[in-house]
Amino acid sequence: MKHRDDHSIWVKYAFLGNSWAEDVRIGINSSGEITGCVAQSTANGATVINGVLIPGMTNLHSHAHQRAMAGLTEKNSTTGNREDSFWTWRTMMYHYLERIQPDDLKAIASQLYLEMLKFGYTCVGEFQYLHHDLSGNPYQDRAEMTKQCFQAAVEAGIAFTALPVLYTYGGFGGEPANQGQKRFLNNAEEFIQVVESLEKDIRDVKNASLGIAPHSLRAVDQELLKEVLQHCSEAEIVHIHVAEQLKEIEDCLAWSNQRPVEWLLNHFDINHKWCLIHATHMTAAETADLAKSGAVAGLCPTTEANLGDGFFNAEQYFVEKGSWGIGSDSHISISPFEELRWLEYGQRLQTNRRNVLNTTVKSSTGCHLYQQALIGGAQATARKTGRIKPGYRADFVVIDDMHPRLYGRSKDDLLDSLIFSGNDNTVKDVYVGGIKLIEDGHHQHETNIENNFRSTINRLAG
Ligand SMILES: [Zn+2]
């Protein structure tokens, strides 16, 4: 990705990630980093931005291929007896994957990442478990499919965190994988080849980072996880799905006599490098221990609702000062504002109270949620983002405060209205690494990206 020369922008109102500022002049260098941020200053030659500037949000959990089937599983057709669940959804998802070739994945991911940018996500954590071809044989480059996603990110311009997935088994205790999982499977040595191949491509890219992602405790065992963690000890981040479904809790108890989060905390040094995706079903003790560990909980409220997962123990976790961020996971929604709304609404519906997750009196609920999700997203992708401050990446979103939905709102009221009032997209411009990728709601490559996506959908349907 090319970078433009040093430049400055000026904006009347900006949320800096922890406070609001007025008349803000922001310097950006040619590497896409913020070099200066001064409030109460004049434009004085800087490019003037119309709207309200906020830090771009990290989407810490994405399975790009699932974008192509979002909305196609809302029937009871798989069982015919009104017993649809996460597990029947998963079977349909596996069938869908049987057709996706590398070019298809690139086209789907490009469309998805374009949509993410348009809704204000500036970084995506791609948790990619498709590794092999349609027959289950490895591609010549074992990282082929994750690289297709990376190329899609480069085309769209969104920052990219590669999270190649380690998937070896079909269930707890080293159960053999099933036929539907044949494109996912690697042993430790093969997985390390995936990571090494990605390292070469990603190492020097400013808008990219690399972690590893053991899929879940269903897909790895203790020895394997230990071996891979030892080998990848330089990996800055480790993501894992955990405790998403009640059946997973029951199976884990049957296997180990411990619950998934409990087992993980007891057997591995879970710390700030880790991101536990979902962590939906936790006891009060697990919630307190996870919060204390410094790991990020990767919450995906719209997907968790769509799949009938359950409610994350958010109020206690927030009170215990646990880190968390958001992801769009299966992409039934690609709006960070909708994810945050659902997170708070889930708690309101359970407790019959309002503003449940606002554990501070200093800011409003929307502002607090947005700020905390920025911090957790940055931690879970090992990127310096989420603040408008020297040394951080110049990843910004410009909100159209003249839009009737937001008109007359400012500061915390504006963020609250973005999250809790209406659905029109009011994201106007989006910058990643100081480069304006979305201008007045449009991306320079959107026609191409959308046409390629349509062709792919036609091919997959044919
Ligand atoms: Zn997931």
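Where does Asp 329 lie? I began with this residue in what is a predicted model, and I found Asp 329 in the loop that runs between strand S13 (323–326) and helix H11 (336–351).

I then looked up the backbone of Asp 329 and noted that its phi is near 50 degrees, which is a positive value in a residue other than glycine. Is Asp 329 buried or exposed? I counted 28 C-beta neighbours inside 10 Å, and Asp 329 is therefore buried, since the cut-off for that label is 20 or more.

Next I turned to Asp 440, where phi is likewise near 50 degrees, a positive value in a residue other than glycine. Asp 440 is found in the loop between S16 and S17. With 8 other C-beta atoms within 10 Å, Asp 440 is exposed, because a residue with 12 or fewer is given that label.

In what order do the eight strands of the open sheet stand? I wrote down S3-S2-S1-S4-S14-S15-S16-S17, and the pairing in this sheet is mixed. Strand S3 (34–38) and strand S17 (442–443) stand at the edges, and each has a single partner strand, so one side of each is left without a neighbour in the sheet.

Key
Residues are numbered from 1 along each chain as its sequence is written. This is a predicted model: local features need pLDDT of at least 70, side-chain atom pairs count only at pLDDT 80 or more; totals for chains, interfaces and linings use all residues. Two strands pair if DSSP finds at least two bridges between them. Helices (H or I, at least four residues) and strands (E, at least two) are DSSP runs, numbered from the N terminus.
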